[in-house]
Amino acid sequence: MEGECRVAVVLPAGGCGERLGGCTPKQYCPVLGRPLISRTLEAFERVGWISDIVVVVAPESVDLMKNIIRRYGHKLVSLVEGGVTRHRSIFNGLRAFVEDHSLGPALKKPEVVIIHDAVRPFVDEETLLQVTSATRQYGAAGMVRPLVSTVIAPSSDGCLDHSLDRAKHRASEMPQAFLFDVLYKAYLQCSDYDLDFGTECLHLALAYSKTRAKLLEGPPDLWKVTYKRDLYAAESIIKDGISKHLCIITNIKEEAVQIGFRLHENLKSHIKVNKSFTGPVEFIEFLFHHLGNSQPKFLKQKSCKLIDLLQAAQAGASYQSVVVSQSGSEMQKLSKIRELAKEVQKSDLLLYGLLINFSKEESQLEDGARQASAIITALITDRNPALTGQVMVV
Ligand SMILES: Nc1ccn([C@@H]2O[C@H](COP(=O)(O)OP(=O)(O)OP(=O)(O)O)[C@@H](O)[C@H]2O)c(=O)n1
Ligand SMILES: O=C(CO)[C@H](O)[C@H](O)COP(=O)(O)O
């Protein structure tokens, strides 16, 4: 972020997720083994220029949220108790910057505040930058998307009154951003009716602070998890995103290098193979490391022990690894995988074992590599935590 601009975030997370159903509010539902809200927080924590993140939670969920913060090592987060509607929750979140309303130390008032629903996990830095920059120019800004369906208005008898021109309207999404004073003033001045029935912060800024928000077309993944099917869609998007990169690390032994090469050839048509390494790794023959968005620094530390390598993965990154051994005698070593898998799963890293019998016979070797590649692709694409620590044999 250019210049001196303090930017903070308020994440309303105080709802009960009625439309999704079930007894767990949707923000706490697991998405690939991690609570949805933790994934949203992770997205904001990737952005270096955000000063504070206020998460607004229902009073009965404060302990649950504290546990999530501790478990996933979230930084910059302050908790505030929510209200009975989304607007009331957001208002409480803003108050944390002007009076001692947060459940922790008082927060410094930002120039710009970003409002983002805790249940929209796919927000990226570019979008946040755009909405923040536009806010500095216009006072408020929000992301929009083209309408999927036409909006129609029924009359009281349930028949069509009129319909809106779809091309002229947009769906209002998040994030939205505001000069802090613009939004806070709007909340101070709006009516109880607004607080209880309103759904649009941009409208409050217009009606009570006379600020016309700049509307920016955002990417398609800004939608809000609302129904159960949205949780499945969120899982698929994450799997898609993390299934693209693969790194193959092999031992320097001749057989290991041979299998590594064949796996590389077989896998590269399914998954993007970033790079292959050859080097001494303490007790593995091959380590297939499935990368998240960023290049983990431990790839540079090839000589580290496996446990160190895996533990070096940051808690926030959803990695998975397939450790492959090429000979039966390695089985004993592979039995350590279960232990290791349990340990590293705490860091959101899934570890599987795969045993390939090395054969000097060309067609058998190629056949083994093909089968192993199919298993690796399936493990990485499905990201199934139930299979971690298991050793598969081809
Ligand atoms: N009293 C409330 C109600 C909602 N929210 C939050 O506002 C966001 C968007 O609201 P919505 O999708 O409607 O969430 P819920 O109210 O939980 O869902 P539903 O309307 O289906 O009950 C969610 O992150 C939700 O937790 C909030 O902070 N406080
Ligand atoms: O739609 C929106 C755009 O302003 C808000 O993001 C918000 O999600 C609306 O919440 P609700 O679904 O509770 O009306």
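Two strands count as paired here if DSSP finds at least two bridges between them. Keep that handy for these exercises on a predicted model.

**Exercise 1.** Work out in what sense β7 and β10 pair, and find the bridge partner of Val144 in β10.

*Solution.* Start with the ranges: β7 covers residues 140-146 and β10 covers residues 170-179. Next, count the bridges: there are six, and the two strands pair in the antiparallel sense. Now go to Val144: its bridge partner in β10 is Ser172.

**Exercise 2.** Write down the strand order of the open sheet of seven strands, then say which strands stand at the edges.

*Solution.* Reading across, you get β5-β4-β1-β6-β10-β7-β11, and the pairing is mixed. β5 (77-81) and β11 (214-217) each have a single partner strand, so one side of each has no neighbour in the sheet and these two are the edges. As you step from one strand to the next, the twist averages 25°.

**Exercise 3.** Describe the hairpin of β8 and β9.

*Solution.* First the strands: β8 (residues 152-154) and β9 (residues 160-163) run antiparallel and are joined by three bridges. Finally the turn: five residues sit between the strands, and Gly158 takes a positive phi near 80°.

Terms used
Residues are numbered from 1 along each chain as its sequence is written. Chains are lettered from A and ligands numbered from 1 in the order in which they are written. This is a predicted model: local features need pLDDT of at least 70, side-chain atom pairs count only at pLDDT 80 or more; totals for chains, interfaces and linings use all residues. Side-chain values use heavy atoms; hydrogens and water are left out. Helices (H or I, at least four residues) and strands (E, at least two) are DSSP runs, numbered from the N terminus. Axes are lines fitted to C-alpha atoms, for helices over the stretch in contact, and angles run from 0 to 180 degrees between N-to-C directions.
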